[in-house]
Amino acid sequence: MDTEERTEHEDHAVAQVIDRLVERYPDRPRSFIEDVVTEERHLLDGKPIRDYVPVLIEHGAKARLRNSTGHGPAHRPTHC
């Protein structure tokens, strides 16, 4: 798989993460969840192994969404 295919695959997987989180947290605006997921994804920029990035993004985003109100920035928990 070349870099472009890998990026497309990751983009698709991240979109699925967003959809799952929107279902799991219906009280949070989709745009808020997208922002949280994007921030989690950027935390993993530059990491050489990308296969588990969507799983790591979802894990980090769930932790942040559990601790947020959905109306402001969702801060990353210090224990993660």
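**Asp-19 and the basis of the model**

Asp-19 is partly exposed, with a relative accessible area of 36%; in this report, buried means under 20% relative accessible area, exposed means over 50%, and partly exposed is in between (1.4 Å probe, protein chains only). Asp-19 lies in helix α1.

The model is predicted: local features need pLDDT of at least 70, side-chain atom pairs count only at pLDDT 80 or more, and totals for chains, interfaces and linings use all residues. Residues are numbered from 1 along each chain as its sequence is written, and side-chain values use heavy atoms, with hydrogens and water left out.

**Overall architecture**

The chain holds three helices and zero strands. Helices (H or I, at least four residues) and strands (E, at least two) are DSSP runs, numbered from the N terminus. The order of elements from the N terminus on is α-α-α.

Of the 80 residues in the chain, 36% count as buried. Contact means heavy atoms within 4.5 Å. Among contacts in the chain with a separation of 6 or more, 58% are accounted for by residues 24 or more positions apart.

**Helices α1 and α3**

Helix α1 covers residues 3-24 and helix α3 residues 53-66; they pack at an angle of about 25°, with their axes 9 Å apart. This makes α1 roughly parallel to α3. Axes are lines fitted to C-alpha atoms, for helices over the stretch in contact, and angles run from 0 to 180 degrees between N-to-C directions. Angles under 35 degrees count as roughly parallel, over 145 as roughly antiparallel, 65 to 115 as roughly perpendicular and the rest as oblique. The crossing of α1 and α3 is right-handed; a crossing has this hand if the near helix is turned clockwise from the far one by less than a right angle, and is left-handed if anticlockwise.

On the α1 side, the contact involves Glu-10, Ala-13, Val-14, Val-17, Arg-20, Leu-21 and Arg-24, which meet Val-53, Pro-54, Ile-57, Glu-58, Ala-61, Lys-62 and Leu-65 of α3. The residues of this contact comprise nine nonpolar, no polar and five charged. Ala, Val, Leu, Ile, Met, Phe, Trp, Tyr, Cys and Pro count as nonpolar, Asp, Glu, Lys and Arg as charged, and the others, Gly among them, as polar.

**Helices α1 and α2**

The axes of α1 and α2 come within 10 Å and cross at roughly 135°, which makes α1 oblique to α2. The crossing of α1 and α2 is right-handed. From α1, the contact is made by Thr-7, Glu-10, Asp-11, Val-14, Val-17, Ile-18, Asp-19, Leu-21 and Val-22; from α2, by Arg-30, Ile-33, Glu-34, Val-37 and Arg-41. By class, the contact of α1 with α2 contains seven nonpolar, one polar and six charged residues.

**Helices α2 and α3**

The axes of α2 and α3 cross at roughly 130° and come within 9 Å; α2 and α3 are therefore oblique to each other. Their crossing is right-handed. Phe-32, Ile-33, Val-36, Val-37, Glu-39, Glu-40 and Arg-41 of α2 make the contact with Ile-57, Gly-60, Ala-61, Arg-64 and Leu-65 of α3. The residues of the contact of α2 with α3 divide into seven nonpolar, one polar and four charged.

In α2, the buried residues are Phe-32, Ile-33, Val-36, Val-37, Glu-40 and Arg-41, and they pack against α1 and α3. In α3, Val-53, Pro-54, Ile-57, Glu-58, Gly-60, Ala-61, Ala-63, Arg-64 and Leu-65 are buried; these residues pack against α1 and α2. The 14 residues of α3 should span 20 Å at 1.5 Å a residue, which agrees with the 20 Å between its end C-alpha atoms. The expected span of a helix is 1.5 Å times one less than its number of residues.

Glu-10 is found in helix α1 and is buried, with a relative accessible area of 7%. Not counting residues up to four places away in sequence, Glu-10 touches Arg-41, Arg-50 and Val-53. The C-alpha atoms of Glu-10 and Val-53 are separated by 7.7 Å, although the residues are 43 residues apart along the chain.

Arg-24 also has its place in helix α1. At 48% relative accessibility, Arg-24 counts as partly exposed. Its C-alpha atom is separated by 9.1 Å from that of Lys-62, 38 residues apart along the chain.
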